[in-house]
Structure formats: structure tokens, C-alpha cells
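This briefing covers a ligand site, a salt bridge and some backbone geometry. Please look at the entry below before reading on.

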Amino acid sequence: MMIERPVSAALYDRATAVMPGGNTRVTVYMKPHPYYAAHGKGCRITDADGVTRLDFTNNYNSLIHGHAHPDVIAAVRDQLERGTAFPMASETEIDLAEHLCARAPSFDHVRFCNSGSEAVMFALKAARAHTGKPKIAKCEGSYHGSYDFAEVSLDSTPATWGNADPKSVAYASGTPQSVLDEVVVIPFNKPVESERILRAHARNLACVLIDLMPNRGGLIPATPEFVAMLKRVRDDTGMLIVLDEVITMRLDYEGAQSLYDLRADLTALGKIVGGGFPVGAVAGSADVMAVFDPRQTKTPLPHSGTFNANPVTMVAGVTAMRLLTRDEIIRLGALGDRARDGVAAAMRAAGMPGQVTGMGSLFRIHVHDRPLSDYRSMLMTAAEKDVLGAIVEYMRDHGVFVNERGVCSLSTPMGEAEIDAFLDCFRDALAFVGGQTQAAD
Ligand SMILES: Cc1ncc(COP(=O)(O)O)c(C=O)c1O
């Protein structure tokens, strides 16, 4: 039984009069109505009904320091007094660019925009502009934001995905066939099949777009063999590797690419690099990033944006990223291990099918124990969706905010006590859901 939230219900009534379905961001929509946030501090968030919960969502993995970090507030407050956006460049963009370029060896140059979707879009456009080739490849089931080409085959189903070689399937209604024709879809973590498909399209392929641990694809890490295959095809064909590190940048100081000894040609960044403010960035080799350089007679890829590198985002971002030291990443990784071990142990103890995926400060709860390797293997049956939904609802009703897919992220205000509180709540949720299932049998 979901706990009543009358203030949120009333706010939603107002919202439905002025927004389609009362909603402006599909991820926060839920039945019978969304949660409305009132305020957050550290790793806790309080909703409009006055209920405070531990936040294991962190605005969909974007708040690495939780809510209202004092250093970020101080930097932003100082900037607010000086102005929020100018028709001029500002030193703040150089500060964040210098910090990011010093972090990862593959980041020679960086370019800012306002969302991860935009970052992916400009990375793909840069790959096309640099290579002169029209097609992009991506993995079935991987989410990369809302650029038409990047959305292809995001939610393929057994009815639409074709055979072992995935078909290009439209995500949004109205996607032109021409978009589908320009996107080559490969199966994640299947190096033999993917290599064959990539080589067959190599003549027209600008790049492959890869998230090394796609969260919608199950938060399953790429295998070393899969990444080795991508490097081999790049070396042989000239196809670029575009990494989507919008989420995975948090996994290591240099991003997840360092865990695979992979030097991306281009990397799309977002979420944590804006310190809690809207952000996107494309980083990459000077050679490829030169497509953005306006000093040419005709810039190959003109890129503008009214709020690109706005100083509020820049100062928040550089403050947050400086605080995300190697030591903090290691500490969060150990907390992540504690959470993953605890979730797996709780499921075993409850005698429930289930497993946990993820790495570092990210983990995802699965409620089946079939082997996991890619998007197709991760999909749940309708009954399994109900079980996960019941676990998530129970946890939200008992003080822990978890996202509806069971994807969880940690933030630096957390310590062992918060992980243990999560696990206590998770064990109670399993007992509750297990009891309900038995009663229904
Ligand atoms: C891996 C990945 N890429 C891109 C995006 C798009 O970022 P944004 O929501 O800032 O447009 C997201 C957002 O969740 C993401 O998870």
C-alpha cells in the first residue's frame, strides 16, 4: 500500500492543467502522481509532504556530492552576485576545461553545452564531420539521451528486435526511416557478432557510440573482449570510438575508459561535471575536436548555445569535480562493494531469485537470476516487473528513495551507516514482498 501524499497529489492536479500529463520529464512521472521535492541536504531529500528519505537516486546519478554541498553553494552564490550569463566568454569555462583536460589522457580539448543529450549529439556530429562518413553504430538497449540517432533501438522488444543481429528500431513515434537507415545496431558484449556487423558497415561508419556500463542496458560492465574488439575495428577501419561517460565518468578519476585502458576519440560528459546544474561537454583528441575550431574560414561544425559554459554551471562543476578526488572515488567504490554484497546476500537469505550488477558507486538490483550479459538478457517478465515495483515502492514508503528500475547511486555524504540503512530497508522490502507473493500463491 503506497503511503498517501496529499500535498504532492494537489500539486499534480495543478500540473495537469498546464503540462501534458502534468509532466515535463518522463523519468519523474509515476502513478498515481509524482513525488514533488521540497528540499535536499547531503544524502537526504524531503518531499512536499514533509517526508525525508535517504536519496539513492541523486537526480539520476548526477549529484555526486548529494544535495546543497556547502562548497558548491558558496561558489555559486559568489557567481550569482557577479552575473549568470554573458555575451562573452568567461574565465570560469577555462577553469573547468583545464580541470577536465588534466583528468583524462584522451581529453586534449573540451567543448561545453547544456545536457548529456546535447553532448552525445555534438560528439556524433563531430565524428561525422571529422570522418566525412554518415553512419553511427550503437548498442541495442543503451540510453544516450534524446538525439534521434542516439535513441534508436533503446527499447526494442522480442517483437521488434529481429534475430541475433539487432534491427534498427524507432524509439519515438515519427522517427524518420532515414534516421533508422543511418544507425547500425550491435549487440552489447557480443564481440564476434558486433565485429562482423561493424566491419560490414565500415565504409560508411563514422563512429561507434558506447557506454561501458549502460544503465538502461542493465548496468552490466562491458567485457574486456568487447572493448578489445572495438579498438581492433577502430585501428583497422578508421571508425572513431565515441564514449558516453555521462554516467560512468564517476567510476574512476579519468572516467571508466581508464579501467579498460581505452583512449576514446571523443567522450560525451554530463551530469556530475556540472556540480548539480545543467551541463554537457564533449572532450576528445585535438585532431578530432578541431572540427569545432572557429578560426577556420569555414568551421566544419559550428556549435553555439545561449547558455553554453554559463559561469554558474562552470563554477559549480569545477568545485564538484575538484572535490571528487581519487581517494573519494576509492572510498565510494568500497561503499558500493558493501552495498552490492549486501543486496546479493539479502536476496540469497530471502530465497528470492535476484542478483546485482554495477561497479564503483553505482549498482542495480535485478529480480531474476538468469545470466546477465546484455540488454536482452536483462529484460524482466511482467511478473518480475511487479516484484521490482513492489520492492521500490516499499523502500520509498520506508525512508529510502530508489529509482524505478532499481538503479542506485552513491554520493560522497554517504558512509557505511547509510549503506547499512539501505540494506536494512531492502531486507524488510524483500520480507514484505515475499510475504505478499506467498499470500497470493
Ligand atoms: C548514459 C547517458 N547518456 C546521456 C544522457 C542524457 O543526459 P541528459 O539527461 O543530461 O540529457 C543520460 C541521461 O540520463 C545518460 O544516462
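Pro32 sits in the loop between α1 (6–18) and β1 (37–41); helices (H or I, at least four residues) and strands (E, at least two) are DSSP runs, numbered from the N terminus. The model is predicted: local features need pLDDT of at least 70, side-chain atom pairs count only at pLDDT 80 or more, and totals for chains, interfaces and linings use all residues. Residues are numbered from 1 along each chain as its sequence is written, and side-chain values use heavy atoms, with hydrogens and water left out.

**Backbone**
- The peptide bond from Lys31 to Pro32 is cis, with omega near -5°.
- Asn61, in helix α2 (residues 58–61), has a positive phi near 70° although the residue is not glycine.
- Most residues other than glycine have a negative phi, and most peptide bonds are trans.

**Ligand site**
- Residues around the ligand (a heavy atom within 4 Å) include Ser115, Tyr143, His144, Asp211 and Lys271.
- By class, this shell holds three nonpolar, six polar and three charged residues; Ala, Val, Leu, Ile, Met, Phe, Trp, Tyr, Cys and Pro count as nonpolar, Asp, Glu, Lys and Arg as charged, and the others, Gly among them, as polar.
- One oxygen atom of the ligand is 2.8 Å from a polar backbone atom of Gly116.
- An oxygen atom of the ligand is 2.7 Å from a side-chain N or O atom of Ser117.
- A nitrogen atom of the ligand lies 2.7 Å from a side-chain N or O atom of Asp244.
- Protein covers 82% of the 390 Å² of accessible area that the ligand has on its own (Shrake-Rupley method, 1.4 Å probe).

**Salt bridges**
- The whole structure has 20 salt bridges (a side-chain nitrogen of Lys or Arg within 4 Å of a carboxyl oxygen of Asp or Glu).
- One of them joins Asp78 and Arg82, at 3.3 Å from N to O.
- Asp78 and Arg82 are about one helical turn apart because they are four residues apart in helix α3 (residues 70–82).

Conventions
A polar contact is a pair of N or O atoms within 3.5 Å; within protein, one must be able to donate a hydrogen and the other to accept it, and residues adjacent in sequence count only if both atoms are side-chain atoms.
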